[in-house]
Amino acid sequence: MLKITVMSPEQTMAIGRQLAPGLRAQDVILLDGDLGAGKTTFTKGLAAGLGIKRNVKSPTFTIIREYQGGRLPLYHMDVYRLEDGSGDELGLEEYFNGDGVNVIEWSQFIADELPENYLRIVFKRDDAAGENQRTLAFEPHGDHFAALIQPLEDGQHE
């Protein structure tokens with residue numbers, strides 16, 4: 001597991017931007033952790049790195065937002081409202097086997113639906129250390145995701 005401390009939303013976005021070039025269709029990235037800790041901010045950076053021009057907003061009330069126009073489509077999902085386990089009704093498998101990158105917030109609510117390989121990033125607010133300080137813990141599952149975070153591990157993040 002790799003942990004990175006960020007001091008600003010801009011640093012969080014920069015990490016998302018840096019990971020984007022290594023992403024490919026059917027990749028699944030799980031964003032878990034504290035409310036307001038930077039999950040959507042990270043996704044904005046990821047979208048920018050994919051060349052998506054649209055403003056990325058939290059999909060809290062829509063569950064899935066689709067962004068086209070970049071190198072790959074981005075499917076941003078907030079499955080918090082599926083805590084009753086109705087994730088199978090969304091057709092998540094079609095997204096996971098589709099043409100884009102899948103970013104999922106609150107993944108614990110669809111744990112049974114997840115593919116074998118994914119990158120999980122846990123966001124933790126460090127309010128005692130500063131208003132914008134966050135710790136991002138990267139947990140790669142699969143060789144592709146281990147390789148994806150290697151530059152971050154080598155300290156090559158912006």
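**Exercise 1. Count the aromatic pairs and classify the one formed by Phe42 and Phe123.**

Two aromatic pairs are counted, where rings of Phe, Tyr and Trp (its six-membered ring) pair if their centres lie within 6.5 Å. Planes under 30 degrees apart count as stacked, over 60 as edge-to-face and the rest as tilted. The ring centres of Phe42 and Phe123 are 5.9 Å apart and the planes meet at 70 degrees, so this pair is edge-to-face. Phe42 belongs to helix α2 (residues 39-49) and Phe123 to strand β6 (residues 118-125), so the pair links distant parts of the chain, 81 residues apart; helices (H or I, at least four residues) and strands (E, at least two) are DSSP runs, numbered from the N terminus.

The model is predicted: local features need pLDDT of at least 70, side-chain atom pairs count only at pLDDT 80 or more, and totals for chains, interfaces and linings use all residues. Residues are numbered from 1 along each chain as its sequence is written, and side-chain values use heavy atoms, with hydrogens and water left out.

**Exercise 2. State whether Phe42 and Phe123 are buried or exposed.**

Buried means under 20% relative accessible area, exposed over 50%, partly exposed in between (1.4 Å probe, protein chains only). Phe42 has 0% relative accessibility and therefore counts as buried. Phe123, at 1%, also counts as buried.

**Exercise 3. Classify the pair of Tyr75 and Tyr95 and place its residues.**

Tyr75 and Tyr95 lie 5.0 Å centre to centre with 70 degrees between the planes, an edge-to-face pair. Tyr75 is in strand β4 (residues 74-78) and Tyr95 in helix α3, so the pair ties together parts 20 residues apart in sequence. Both Tyr75 and Tyr95 are buried.
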